[in-house]
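Please keep the sequence and the structure in view while reading.

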Amino acid sequence: DPSGSYTTAAALVACVERQLQRSHGTDLAGKRVLILGGTGTVGRIAGVLAAGLGAEVTLGSHRDAAAAREAARATGERFGCTLEGAGLAEREARRAALAEADVVLATAAAGVQVVSADERALANRLLVAADVNAVPPEGIAGVGAMDDGKALPEGRAVGIGALAVGNVQYQTEHQLLVAMRNAEKPLYLGFREAFAKAREIIAAKG
């Protein structure tokens, strides 16, 4: 779980899955998922998990289109899924990608805003926006750190903030460590086991 990245990605996707069902009565199958700051570990693994649930995933980079395409190729090849990569440094490219997204995940560095309020308002298809940045400003404008299904000003979308994701991440990490401590023989865990545990924790919350 490098720097908590795997459990964070697991908690992020599990929280999105819950809000899609709770707020919209649907799931990730067939949804267009845009991951901003998607070339880092959290973004890549969230992409793998979402793709595994049937989503069409794009890893977006605000700096380097080639890096985004290579991250998508290498990650998809390693984990047996299909991911797309896109360079979103230009405002028009970013706005076009947001306009096509059903789900937007912000996994960029802390303190970096990747979606402004104006850009968010253009995301007409958006159902869920989730952010793992707990350092001001918000990674996605209008999504507060404590939000957990709070309606955004436009359309049908709801937001999930960093502390809502972090609460599930902490419990996931803790319970996996307890399982390792209590195991009678070596226990090998990765992001898929973390995702299963995050789903279990969310289901227990009701």
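By class, the residues lining the largest pocket are 4 nonpolar, 6 polar and 1 charged, where Ala, Val, Leu, Ile, Met, Phe, Trp, Tyr, Cys and Pro count as nonpolar, Asp, Glu, Lys and Arg as charged, and the others, Gly among them, as polar. The lining includes Gly37, Thr39, Gly40, Ser61, His62 and Arg63, and the space in this pocket is about 230 Å³. On a 1 Å grid over the protein atoms alone, a pocket is an open set of points with protein on both sides within 12 Å along at least five of seven lines, whereas a cavity is a set where a 1.4 Å probe fits but cannot get out; lining residues have an atom within 4 Å of a point. Grid points are joined across faces, edges and corners, and a volume is the space filled by probe spheres set on the points.

The model is predicted: local features need pLDDT of at least 70 and side-chain atom pairs count only at pLDDT 80 or more, while totals for chains, interfaces and linings use all residues. Residues are numbered from 1 along each chain as its sequence is written, and side-chain values use heavy atoms, with hydrogens and water left out.

Helices (H or I, at least four residues) and strands (E, at least two) are DSSP runs, numbered from the N terminus.

The largest nonpolar core has 43 residues, of which Val16, Leu28, Val33, Val57, Leu83, Leu105 and Ile160 touch the most other members. Its largest share, 9 residues, comes from H1. Such a core is a set of buried Ala, Val, Leu, Ile, Met, Phe, Trp, Tyr and Cys residues joined through side-chain atoms within 4.5 Å, buried meaning under 20% relative accessible area (1.4 Å probe, protein chains only).

Of the 20 residues of H1, 15 are buried. Arg18 lies in this helix and is itself buried, with a relative accessible area of 11%. Leaving aside residues up to four places away in sequence, Arg18 touches Asp148, Ile202 and Lys205, a contact being heavy atoms within 4.5 Å. After H1 comes Gly25, with a positive phi near 65°.

Methods
Buried < 20%, exposed > 50% of the residue type's maximum accessible area, 1.4 Å probe, protein only.
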